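Thanks for coming. Please look at the sequence and the structure first, and then I will go through the strands and the core.

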Amino acid sequence: MNRITLTLTLLTLGQYAQAHCGDDSGYKLHRLAAEDLQICWRTEPAVINVGEHFRVIVLVSKNHTPWSGALRVDAFMPIHKHGMNYLPVVTNTAKGHYVADGLMFHMPGEWRLDFKLEDEQERVELSSLLDVE
């Protein structure tokens, strides 16, 4: 019974990732990993415009199963050494599925999007660089 449950969970997560984070939706899919922890994420809208709010959809898995820890999302501009003027709100909508609302890049240039994951066993930080025009 456990094997059947695990298979269904993996299939569901895969379908969910394809539907909400996959390339066929017209959104660019980003993937990050640290050991057995993996995330895929995308933005809405797909193209981030300076001075306009956007959201980040994040799927997190550990050992190929949905992860249930806490996630924080923030952004930082390395060249100018400052962050955003807004603090995003992250909502856990389902096990392994998060939505970060209220992000805004207030100037063009290179931004680092930071994902901070934490549960009772570990704390992991993953980052991705974005060039915003």
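Strands β5 (70–77) and β9 (109–118) run antiparallel and are joined by seven bridges. A strand here is a DSSP run of E of at least two residues, numbered from the N terminus, and two strands pair if DSSP finds at least two bridges between them.

Before I go on, the model is predicted, so local features need pLDDT of at least 70 and side-chain atom pairs count only at pLDDT 80 or more, while totals for chains, interfaces and linings use all residues. Residues are numbered from 1 along each chain as its sequence is written, and side-chain values use heavy atoms, with hydrogens and water left out.

β9 also pairs with β10 (123–132), in the antiparallel sense over 10 bridges. These two strands form a hairpin with four residues between them. G109 has V132 in β10 as its bridge partner.

Now the core. A nonpolar core is a set of buried Ala, Val, Leu, Ile, Met, Phe, Trp, Tyr and Cys residues joined through side-chain atoms within 4.5 Å; buried means under 20% relative accessible area (1.4 Å probe, protein chains only). The largest one has 27 residues, and F115 is among those with the most contacts inside it. β5, β9 and β10 are among the strands that each supply at least two residues of this core.

What is F115 in contact with, leaving aside its neighbours within four places in sequence? Its contacts (heavy atoms within 4.5 Å) include I39, W41, V56, V58, L71 and V124.

Definitions and conventions:
Buried means under 20% relative accessible area, exposed over 50%, partly exposed in between (1.4 Å probe, protein chains only).
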